[in-house]
Amino acid sequence: PESSPSGGCGGGSDNTKKTSDRPRAKLAETPLSCSEWLAAALVSSGVTHVYGGHGGALVPLVNAVVDNPNLTWVCTRNEANASLMAAAHAKLTGNLACVMATSGPGATNLTTGLMDAALDRVAVIAVTGLKPRAGMHYSEFQDVDQSRLFAAGGINPSTDVPAPEALAPLLRDAISTAMTRRTCVHLAIPVDVQAAPSPIQSEFCAANANLRIAPTHVDPETLDAVAKHLPAPRGAGGFRRIVIAAGLRAVGAGRAITRLAEMLHAPIIYRLDAKGVVDETHPLAFGVVGVHGKPGLEAAASIISTSELVLSLGVDDNTLLLCNLAGLQIRPMIEFEPDACAVVTRYKADFTVIGNIGDACDGLADRLATMLPQHGEPGEPGEPGEQGEPHDLSQLAPPGSLERRESSPDALWGLLHGGSWRKLLDFKGVRYQSALHNYDHRFVHPATVLSEVTAHLRGEAGGAGEKAEAAAAGAASTATAAAADADAEGGGGGDRGGGGEGGGTPGGGVDTVIAVDTGDITLWSSLCLSLPQGARVLSSERLGTMGYSLCAGVAATLARPSPARTVVVAGDGGIQMTLVEMSTFVQHKRPGDALVVIVFDNSMLGRVAFGFVGSKGCELEGPDFVALAKAYGGDGVRVGDRKGPLEDGEVARGVVTAMAATGLFVLHVMIDPELKADMAKFTDESIALMESG
């Protein structure tokens, strides 16, 4: 693109990689307005969809977006939901996303989604309309100092555009910041500036700013040093207690991460947004860490608390992995990030590896292959229990009853380091020690539904839900039986269910995005969904926004080529916060698109009721969600009721119907109000903190 003397072209240089795959807006022969130029600039920066709410202070901008053939305008029913859609779009695609809103409440409604994007570190630009410049700061209607409002919440930059001449340089700086720092930025543009002729007529080119900071290769000397650092000291056994933790920026590196984990005999844990980064049937995949600011699942808590070293791969916040409750680092870390701008310097790292995370893991595995004992080979003699297979696998598992029994971390690490971790294949009793309660069989257990969804995503035979229901009723399998079942299934991790990254058959697990809401459903989804490698999950990780999943589901469907399918997993409390966006999906869906909304209904705010002793006021009454879906032009099925026991195969039929549907489909699942998902916590007396989340 050409440079302009006014500085509209930024973020590029002669030796910068070019983003030639992006569409380039053809500039009109007649002079462009500021709005038309801005729309073309967004296209050059990789924006494909603009989410937002309309209003008088935004008319020139929305007109320009609608008229641009390379942009899709998605008018949401509430601006708060538009901001969540933009945050989810950026998280899924890794590209810049855009949200727009009018002055006054249109802008203030954006706050939650903008904070969500900032906390989860994804690139979003918010553009809001202002009163005409001559009427700002004294008008009696919808005259809000938006820039100060968002800046107070940590959005930086957040600034007004004072004149047409200032639009190009301010937009350049904002987009460069959003893309390199992975954050949310904001520009407020007076409506008369939007309508004014643009002083810049050349194309905008700040789009490649992020490419300039990405190294072309991983430093080999750093990898050499890390490889020498990883093995245990001589005489202490062949392996250290190493945990591999994967975050959002590790998505796409699953094959290399799995290879490194097998080389180190190291368990893999992952943030919810990285669930599916590795095949969750792999025996070293130990599940999600980080649910509502706590470990979430017991296996993750046990593994972390007994580890000696954490390999942090693209994890944005390492507090749970490294610190005690007082926030003090008590475990060493080696961090891997795609570029230096992604590094968070809050905690000490023994080494920092910069570059493509998959390449770094492969390079490290290549070096370790000549240094460590191979699978199945005895390591150097060490402490009892650290090498070799435990004689009694029952040390690792709860007995076949509802009574809980703690697993032995020492026995688990011994199994891992002895090269016998393959015996953990598909054995959830070790990895997921959530208590299985008796429950009222007029209702559906969440594990039943989510196991059926898992089976569908993997293209496996039915009956998964019935097995899960039996487990929930207390018929837990023994470790040896589970291992035998897994061997019979031909497991072994890898690419089951079409799970190779970037591949998979149409409609398979890697082609379906899962959007998970906030609440007890976060725990159930973390626990019971077992995704193939390459599948994607979207969640409001840091802010914990209820209602996020439906907004994320709409954006995830529209952001991908059609036909696209997204599964939304929400509780009845969360879905009622944003359910009006079902209409947005119906309006914008393309032929073959599918939005499957699974609503787990217990008529209460379960996480508050179960998570905080003495909490009151958690009861909810909700609508008939199937009737609501039909009112919006969709369809649905209800499973479970309060009048009698479930019919045989009722859940399986419901899931099969939902997953085969196109358009909007709601699966309304009635669950036991007394059934809770257990939240694992660290045992730590370093500081006393009152429960708040």
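Tutor: The questions below set values against definitions.

Tutor: This is a predicted model, in which local features need pLDDT of at least 70 and side-chain atom pairs count only at pLDDT 80 or more, while totals for chains, interfaces and linings use all residues. Residues are numbered from 1 along each chain as its sequence is written, and side-chain values use heavy atoms, with hydrogens and water left out.

Student: What makes Lys91 and Asp120 a salt bridge?

Tutor: A salt bridge is a side-chain nitrogen of Lys or Arg within 4 Å of a carboxyl oxygen of Asp or Glu. The closest N and O atoms of Lys91 and Asp120 are 2.6 Å apart, so the pair meets that definition. The structure holds 20 salt bridges.

Student: Why is the pair Lys91 and Asp120 said to tie parts together?

Tutor: Lys91 lies in helix H3 (residues 79-93) and Asp120 in the loop between helix H5 (111-119) and strand S4 (124-130), so the pair ties together parts that are 29 residues apart in sequence. Helices (H or I, at least four residues) and strands (E, at least two) are DSSP runs, numbered from the N terminus.

Student: Which residues is Val608 in contact with, leaving aside its neighbours within four places in sequence?

Tutor: Val608 is in contact with Ser615 and Cys618, where contact means heavy atoms within 4.5 Å. The C-alpha atoms of Val608 and Cys618 are separated by 7.0 Å, and these residues are 10 apart along the chain.

Student: Why are H3 and H21 called oblique?

Tutor: H3 and helix H21 (residues 548-558) pack at an angle of about 60°, with their axes 8 Å apart. Axes are lines fitted to C-alpha atoms, for helices over the stretch in contact, and angles run from 0 to 180 degrees between N-to-C directions. Angles under 35 degrees count as roughly parallel, over 145 as roughly antiparallel, 65 to 115 as roughly perpendicular and the rest as oblique. The two helices, H3 and H21, are therefore oblique to each other.

Student: Which residues of H3 and H21 meet?

Tutor: Among them are Leu84, Ala88 and Lys91 in H3, and Tyr548, Cys551 and Ala555 in H21.

Student: How do you know that S1 and S3 pair?

Tutor: Two strands pair if DSSP finds at least two bridges between them. Strand S1 (residues 49-52) and strand S3 (residues 97-101) have three bridges, in the parallel sense, so they pair by that definition. In S3, Met100 is the bridge partner of Gly52.

Student: What is the order of the six strands in the open sheet?

Tutor: The order is S2-S1-S3-S4-S6-S5, with parallel pairing. What makes strand S2 (72-75) and strand S5 (158-160) edge strands is that each pairs on one side only.
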